[in-house]
Amino acid sequence: MRKEGFLPTASKSLLHVVWPSSCPVCGRLAVKVCPDCLRSLCEFFSRFCVECGRGAPCARHPDGLICCSVSAYGGANRDVIHVMKYAGGRNVASMMGELMAEILPRPDVDFLVPTPLHKDSAREYNQSELIAGGASRVWNIPVKNSLRWVLGSRSQASKNGRDERALPDDAMESDYKIRGGRVLLVDDVCTTGNTLLAAKKALSRAGAEIAGAMVWSRSV
Ligand SMILES: [Zn+2]
Ligand SMILES: [Zn+2]
């Protein structure tokens with residue numbers, strides 16, 4: 001029985017040795033993801049309340065954080081996101097930001113603020129920062145890296161389920177210096193919303209006005 005799947009798997013492995021990457025959408029070799037394939041994933045626009053996950057505007061949270069996402073999580077997109085985060089997909093992250101800025105209306109904000117990497121992260125780059133950089137080039141709005149985690153990722157609540165155990169208010173901190181400035185939060189994926197809400201609290205404490213958030217994809 002196991003032999004049936006052996007050859008295709010072995011062939012794929014061999015191909016990856018010769019061409020270490022292939023587009024998760026169309027399978028084209030020697031690319032992380034084709035620009036056109038990435039664009040084809042942007043077919044699921046969503047605007048939602050981060051506090052409860054319902055569509056925006058939200059009657060329950062009239063002052064809640066509103067987030068826009070441009071693609072559906074899952075299928076090839078899940079693989080694209082994995083490549084973007086873990087397989088050297090810096091350029092994919094930048095392209096995602098550019099696409100988001102082409103699709104979404106330009107926000108009336110002073111800065112784009114990416115969510116930070118976790119304190120104990122061994123990752124070489126922050127994909128949220130690269131996404132923000134891509135959007136920054138299209139919108140001509142500067143990126144401000146002003147957030148950092150106070151909590152280590154191990155001390156965070158479980159990510160199972162929606163926000164039964166929200167993070168403490170001081171899970172993140174900001175060195176934002178311009179009181180009254182407006183910002184748009186940028187992240188790659190919104191799952192429970194806890195990260196974006198921690199970012200919002202940190203920036204609010206620092207005196208910023210949070211206009212909203214944008215993510216490539218929403219995982220629910
Ligand atoms: Zn492709
Ligand atoms: Zn809500």
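Contact here means that heavy atoms lie within 4.5 Å of each other, and this meaning will be needed towards the end of the tour through what is a predicted model.

Begin by selecting the zinc ion (ligand 1), and then show the side chains of C23, C26, C34 and C37, whose SG atoms are its protein donors and lie 2.3 Å from it. If you turn the view around the zinc ion, you can follow the angles of 103 to 115° that its four donor atoms subtend, which makes the arrangement tetrahedral. For comparison, the ideal angle for four tetrahedral donors is 109.5 degrees. Along the sequence, the donor residues follow the spacing C-x2-C-x7-C-x2-C. Now keep C23 and C37 selected, since this pair links distant parts of the chain: C23 sits in the loop between helix 1 (6–18) and helix 2 (35–40), while C37, 14 residues apart from it, belongs to helix 2. Both of these cysteines are buried.

Next, move to the largest nonpolar core, which has 33 residues, and select V33, L38, M96, L112, W139, M214 and W216, the members that touch the most others. Among the elements that give two or more residues to this core are helix 2, helix 5 (127–139) and strand 7 (209–218), but the largest share, seven residues, comes from helix 4.

Stay with M214 and display its surroundings: leaving aside neighbours within four places in sequence, M214 is in contact with C67, C68, M100, L104, A135, W139, L184, L185, V186 and D187.

Finally, select F48, V50, L65 and Y176, which are included in a second, separate core of 27 residues.

Conventions
Residues are numbered from 1 along each chain as its sequence is written. Chains are lettered from A and ligands numbered from 1 in the order in which they are written. This is a predicted model: local features need pLDDT of at least 70, side-chain atom pairs count only at pLDDT 80 or more; totals for chains, interfaces and linings use all residues. Side-chain values use heavy atoms; hydrogens and water are left out. Donors are N, O and S atoms within 2.8 Å of the metal (3.2 Å for Na, K and Ca); water is not among the atoms, so sites may look incomplete. Four donors count as tetrahedral if all angles lie between 85 and 135 degrees; four count as square planar and six as octahedral if opposite donors are over 155 degrees apart and all others between 65 and 115; anything else is irregular. Helices (H or I, at least four residues) and strands (E, at least two) are DSSP runs, numbered from the N terminus. Buried means under 20% relative accessible area, exposed over 50%, partly exposed in between (1.4 Å probe, protein chains only). A nonpolar core is a set of buried Ala, Val, Leu, Ile, Met, Phe, Trp, Tyr and Cys residues joined through side-chain atoms within 4.5 Å.
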